[in-house]
Amino acid sequence: MKKTAISRRSLLASALGLAFAGISWQVPAHAEDFKMGLLVPGSVAEEGWNRIAYDALKRVEKELGAKISYVELPDNPAAFEKAFRDYASHGYQVVLGHGFQFQDAALTTAEDFPETVFLVSSSYVHEGNVIGLNTDASQPFYLMGVIAAKTGKGAGLIGGMEIPPIAHAFEGFAKGARSVNPDFPVSTVFINSFTDASAAKEAAVSMMSQGADFVVPNANAAGLGVIQAAQEAGTQYGTFSVYSDYTEVAPKNILGTFIADYGQGIVRIVSAIKDGKVPESNVDFGLKDADVIKFNFNDEAARSIPADLRKHLEEVRAKIAAGEVQTRAK
């Protein structure tokens with residue numbers, strides 16, 4: 001995905017905006033407007049998790065004609081609830097909290113705003129007007145695990161926080177690897193940050209020194225440190241792009257890229273809400289949703305995946321999509 005300059009000021013000028021320090025409504029709302037707000041834990045200017053949500057929001061604006069706005073927040077539950085309440089009190093029909101950490105604040109706020117639908121990324125919740133939207137990363141991570149066990153000696157997984165969506169992804173990786181080799185070594189570390197690329201890089205270097213020839217991130221912007229560690233260590237070390245395409249950073253080390261076209265899924269769900277059809281359960285996007293979950297191979301990698309393994313992976317992918325292979329405990 002190409003990097004583009006983001007002008008937060010231009011976005012705020014085109015919609016009901018949020019000032020960085022707090023919410024300031026710059027354009028009067030009209031009752032007939034369909035409005036969607038977004039809460040992100042950090043900056044949308046960085047490639048990765050938060051940028052995915054921003055791109056999804058822009059697609060809702062373009063494809064559904066919605067009035068949109070977003071706010072970048074520190075990791076503070078009180079700030080989460082305040083932002084949810086500000087959006088709902090100003091008539092926003094949909095507000096998306098982009099991350100599992102927004103779930104509790106959404107549940108608390110929703111009690112007072114039954115007309116607003118609160119969506120929470122990476123969540124399995126479904127309580128009234130609070131709907132979890134989960135991208136089941138355990139499925140593409142299962143494929144990564146198969147690749148690692150077929151072509152490598154050991155793997156190290158570096159997570160931002162020990163929260164369910166990341167834990168599930170890593171569970172999928174381990175299941176995939178051990179479907180090939182029950183004794184394949186997989187180690188896991190959580191750096192307790194989604195922004196500290198230095199800590200992620202240090203963890204990856206440590207894992208490589210202990211024998212892992214695959215290091216795999218799931219840590220938002222911090223994950224770039226893992227990819228840099230692999231690139232600096234040499235072409236004998238493999239990794240994967242997760243959520244964004246970092247192939248240019250380490251073209252010889254990245255064997256494949258997992259992209260979640262979250263925008264496609266969000267447009268589908270928000271379009272239904274706009275038409276009065278609120279999901280009756282949490283939403284779980286997986287490999288069956290080929291327009292949302294994409295896992296592609298890098299032909300330029302030094303350890304490029306051979307044709308026979310690619311054929312096997314396509315067979316495994318089909319079984320996962322059909323529900324014949326379970327990539328995590330339900």
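Residues are numbered from 1 along each chain as its sequence is written, and side-chain values use heavy atoms, with hydrogens and water left out. Because this is a predicted model, local features need pLDDT of at least 70 and side-chain atom pairs count only at pLDDT 80 or more, whereas totals for chains, interfaces and linings use all residues.

**View 1. Packing of helices α5 and α10.** Helix α5 (residues 138-151) packs with α10 at an angle of about 150 degrees, their axes lying 10 Å apart; axes are lines fitted to C-alpha atoms, for helices over the stretch in contact, and angles run from 0 to 180 degrees between N-to-C directions. That angle makes α5 roughly antiparallel to α10, given that angles under 35 degrees count as roughly parallel, over 145 as roughly antiparallel, 65 to 115 as roughly perpendicular and the rest as oblique. Helices (H or I, at least four residues) and strands (E, at least two) are DSSP runs, numbered from the N terminus. The α5 side of the contact (heavy atoms within 4.5 Å) consists of Q139, Y142, L143, V146, I147, K150 and T151, and the α10 side of L309, H312, L313, V316, R317 and I320. By class, eight nonpolar, three polar and two charged residues make up this contact of α5 with α10, where Ala, Val, Leu, Ile, Met, Phe, Trp, Tyr, Cys and Pro count as nonpolar, Asp, Glu, Lys and Arg as charged, and the others, Gly among them, as polar.

**View 2. The second largest pocket.** About 150 Å³ of space lies in this second largest pocket. On a 1 Å grid over the protein atoms alone, a pocket is an open set of points with protein on both sides within 12 Å along at least five of seven lines, a cavity is a set of points where a 1.4 Å probe fits but cannot get out, and lining residues have an atom within 4 Å of a point. The pocket is lined by 14 residues, of which D136, Q139, I320, G323 and K330 are the closest to its centre. Both β12 (283-285) and α10 (307-321) supply at least two residues each to the lining of the second largest pocket, which divides into five nonpolar, five polar and four charged residues.

**View 3. Packing of helices α2 and α9.** Helix α2 (residues 49-64) and helix α9 (residues 262-274) pack at an angle of about 45 degrees, with 8 Å between their axes. That makes α2 oblique to α9. From α2 the contact takes I52, A56, R59, V60, E63 and L64, and from α9 Y262, G263, Q264, I266, V267, V270, S271 and K274. The contact of α2 with α9 has eight nonpolar, three polar and three charged residues.

**View 4. Packing of helices α7 and α8.** The axes of helix α7 (residues 197-209) and helix α8 (residues 224-233) come within 7 Å and cross at roughly 45 degrees, and α7 and α8 are therefore oblique to each other. In this contact, A197, A200, K201, A204, V205 and M208 of α7 meet G225, V226, A229, A230, E232 and A233 of α8. Nine nonpolar, one polar and two charged residues form the contact of α7 with α8.

**View 5. The largest cavity.** The structure holds two cavities of 30 Å³ or more, and the largest cavity has a volume of about 140 Å³. Among the 14 residues that line the largest cavity, W49, S122, I163, I166 and N220 are the closest to its centre. The lining of the largest cavity divides into eight nonpolar, six polar and no charged residues.

**View 6. The second largest cavity.** A volume of about 90 Å³ belongs to the second largest cavity; grid points are joined across faces, edges and corners, and a volume is the space filled by probe spheres set on the points. The lining of the second largest cavity includes G48, W49, P217, N218, N220, L224, Y243 and Y246, and the elements giving two or more residues to this lining are β9 (214-218) and α8.
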